Amino acid sequence: MPHTAVLLAAASQEQGPGDTLRIVLLVSILGAVLLAWFLLRGYRNDDNND
């Protein structure tokens, strides 16, 4: 049983760029949503802009 724990610990540290790519993807999606919101709010028509 101790060998299994050591193998799982070693495998979890050698997963590659998975966490980094997940963070980059999340930040990219969040940035795209915020950019779309910022750009589209300028096109909103509240009948107050004569």
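Trp 37 is exposed, because its relative accessible area is 53%, where exposed means over 50%, buried under 20% and partly exposed in between, with a 1.4 Å probe and protein chains only. The model is predicted, so that local features need pLDDT of at least 70 and side-chain atom pairs count only at pLDDT 80 or more, while totals for chains, interfaces and linings use all residues. Residues are numbered from 1 along each chain as its sequence is written, and side-chain values use heavy atoms, with hydrogens and water left out.

Trp 37 lies in helix α2, residues 18-41, and the protein chain has two helices and zero strands, helices being DSSP runs of H or I with at least four residues and strands runs of E with at least two. Of the 24 residues of α2, the number buried is zero, so the helix lies largely in the open. Buried residues likewise make up 0% of the 50 residues in the protein chain.

The UniProt record, an unreviewed entry, annotates residues 20-40 as "transmembrane region", and such annotations may be inferred rather than shown by experiment. That span is 100% helix and 0% strand.

| Segment | Distance between end C-alpha atoms |
|---|---|
| α2 | 35 Å |
| Residues 20-40 | 30 Å |

Key. The expected span of a helix is 1.5 Å times one less than its number of residues.
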